[in-house]
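Subject: Structure handover

Hello,

Here is the structure you asked for. My notes on it follow below.

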Amino acid sequence: MSFILSSIGKKVAMSLSAFFLISFLLLHVAINFLSVVSERMYNEASHFMGTNPIIQFVMQPILILGVLFHFTLGFVLEFQNKSARPVKYEMKNNQLNSSWLSRNMIYSGLVILAFLGLHFYDFWIPEIQYKYIEFQDPNRHRYFAELTHKFEDPTRVGFYTVSFILLMMHLLHGFQSAFQSLGVNNKFAPGIKKTAWAFSVAIPLTFVFIALFHHLKH
Amino acid sequence: MNLKLKIWRQKNAATKGKIVNYDINEVSSDMSFLEMLDVLNADLTEKGDEPVSFDHDCREGICGSCSLQINGRPHGPDGGTTTCQLHMRKFKDGDSIVIEPFRAKAFPIVKDLIIDRSAFDRVQHAGAFVSVNTSGNTQDANATPINKGDADNAFDAASCIGCGACVAACKNASAMLFVSAKVSQYALLPQGQVEREKRVTDMISQMDEEGFGACTNTGACEVECPKGISITNIARMNREFIKSNLKS
Ligand code: SF4
Ligand code: FES
């Protein structure tokens with residue numbers, strides 16, 4: 001059986017794509033956070049990300065593929081795992097042996113997927129239209145105003161917050177579990193687990209903080 | 001004490017099963033769970049009904065024959081215990097107890113609460129063995145020094161009795177804890193080195209073929225395992241599998 005078709009191979013692929021997506025999240029949150037620190041720095045960073053050809057034409061497609069890969073494989077695994085128990089138990093007591101978060105990754109994942117759809121519609125599609133369809137003037141000062149304008153709407157901020165809480169839940173199980181899937185279980189494992197938990201809370205909360213900051217400031 | 005039992009009854013693999021209710025009275029708290037079922041079966045036989053079929057053998061927690069999902073938990077509510085070692089003092093008068101077989105596609109039901117766990121045997125046949133010199137001058141295994149940590153970990157892994165509670169507990173019906181215990185017990189010892197790489201790939205491919213699910217690291221298996229097998233063994237197996245694939 002080939003590595004990628006095996007159960008462990010799929011888990012390894014899930015973990016590696018998760019690490020890739022988490023590193024992207026870190027970069028994303030860092031740039032967004034600049035909008036809290038300084039308008040100018042945020043505009044500069046966004047302009048660089050939005051116009052650099054390597055980022056636009058190499059990194060961006062890789063990222064989209066990474067997202068699609070992680071979600072598709074997640075669904076495949078979920079389907080296979082569900083079919084490994086065709087007749088359900090009459091009585092379940094799973095809450096006594098495992099966390100809700102670990103058992104419901106597919107649901108937190110689905111909400112994140114819905115959010116990504118909205119996020120694409122909200123930010124990415126207008127951006128692509130602006131740059132590559134309408135060929136508007138690459139104004140390097142527009143990004144901050146666009147961002148703060150989006151966060152004026154309380155419904156958007158609300159949905160944004162809920163999505164990031166779901167992302168937090170997904171990461172709380174997923175990030176540390178990715179190390180276990182890759183076979184990391186040495187003396188550093190407890191430290192790695194705690195660091196992964198800290199990141200899982202800090203990244204989504206920073207996104208939420210940024211949204212609330214601009215919403216309240218407005 | 002008097003109890004209400006809700007027991008899964010199923011004639012054979014081909015027919016559909018259902019939960020049947022039984023009232024059982026005057027159960028002593030000193031009885032083991034299986035003794036309580038023996039009493040029920042004696043009552044049923046006396047009434048001319050078919051007794052409930054369930055697996056058991058040693059009744060002292062070492063053979064791995066007993067199973068049962070009791071109130072939604074493999075081997076019942078007590079930690080680190082097999083069903084044969086579970087006692088009725090863990091229940092109260094008037095309790096209702098749901099008793100089902102361990103459920104997994106890879107463990108088809110034979111009858112009532114008896115399941116076919118031969119998938120585990122086939123996974124073991126695929127790689128859980130070592131090469132032995134049969135020339136007549138076989139070296140004493142104790143002549144090979146093994147460091148204490150590895151010996152302890154191998155021994156802990158080897159205490160798996162193959163009961164299948166890990167599969168029963170897992171939301172994915174994954175057999176990773178069982179397989180990782182078997183892989184670890186050999187990977188840690190000098191005697192297991194000859195087949196080390198082939199063992200892990202062969203056992204995993206048999207495990208997948210049997211229709212067990214994949215691990216999502218919920219950790220339910222190690223909580224329910226009557227022998228306290230740790231999921232660090234799963235991490236070791238993942239490592240062994242990745243290494244073996246990188247090498248080949
Ligand atoms: S790992 Fe534990 S639960 Fe699984 S078969 Fe072995 S003893 Fe039973
Ligand atoms: S009957 Fe042997 S372990 Fe329970």
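I start with the contact between the two chains. Across the interface of chain B and chain A, the rule finds one salt bridge; the rule asks for a side-chain nitrogen of Lys or Arg within 4 Å of a carboxyl oxygen of Asp or Glu. The partners are K171(B) and E78(A), with their closest N and O atoms 4.0 Å apart.

Before the rest, the ground rules. This is a predicted model: local features need pLDDT of at least 70, side-chain atom pairs count only at pLDDT 80 or more, and totals for chains, interfaces and linings use all residues. Residues are numbered from 1 along each chain as its sequence is written, chains are lettered from A and ligands numbered from 1 in the order in which they are written, and side-chain values use heavy atoms, with hydrogens and water left out.

**Chain B against chain A**

Polar contacts come to 22 residue pairs between chain B and chain A, both residues at pLDDT 80 or more. A polar contact is a pair of N or O atoms within 3.5 Å; within protein, one must be able to donate a hydrogen and the other to accept it, and residues adjacent in sequence count only if both atoms are side-chain atoms. On the chain B side, strand 5 (96-100), helix 4, helix 6 (196-209), helix 7 (220-224) and helix 8 (232-247) each supply at least two residues. Helix 8 of chain B gives the most, with nine residues. Helices (H or I, at least four residues) and strands (E, at least two) are DSSP runs, numbered from the N terminus. By class, this side of chain B holds 25 nonpolar, 14 polar and eight charged residues. Ala, Val, Leu, Ile, Met, Phe, Trp, Tyr, Cys and Pro count as nonpolar, Asp, Glu, Lys and Arg as charged, and the others, Gly among them, as polar.

In contact terms (heavy atoms within 4.5 Å), 47 residues of chain B meet 35 residues of chain A. The buried area between the chains is about 3300 Å², and carbon and sulfur atoms give 56% of it. Buried area is the accessible area (1.4 Å probe) that two parts lose on being put together, summed over both. In chain B, R103(B), K171(B) and N217(B) lose the most area to chain A, together 19% of what that side buries.

**Inside chain B**

Chain B splits into domain 1 (3-111) and domain 2 (118-247), with bounds from an automatic or database domain assignment. Their C-alpha centres lie 29 Å apart. Contacts link 18 residues of domain 1 to 19 residues of domain 2. The two domains bury about 1300 Å² between them, 61% of it on carbon and sulfur atoms. P74(B), A106(B) and F107(B) lose the most area on the domain 1 side, together 35% of what that side buries. One salt bridge is counted between the domains. E224(B) forms a salt bridge with R73(B), the closest N and O atoms being 2.9 Å apart.

**Ligand 1**

The shell around ligand 1 has 14 residues, each with a heavy atom within 4 Å of it. The closest are C160(B), C163(B), G164(B), C166(B) and C225(B). Helix 4 (165-169) and helix 5 (176-187) of chain B are the elements that give two or more residues to this shell. Its classes are eleven nonpolar, two polar and one charged.

**Chain A**

Chain A has eight helices and zero strands. Its C-alpha trace spans about 60 × 40 × 40 Å along its principal axes.

Best regards
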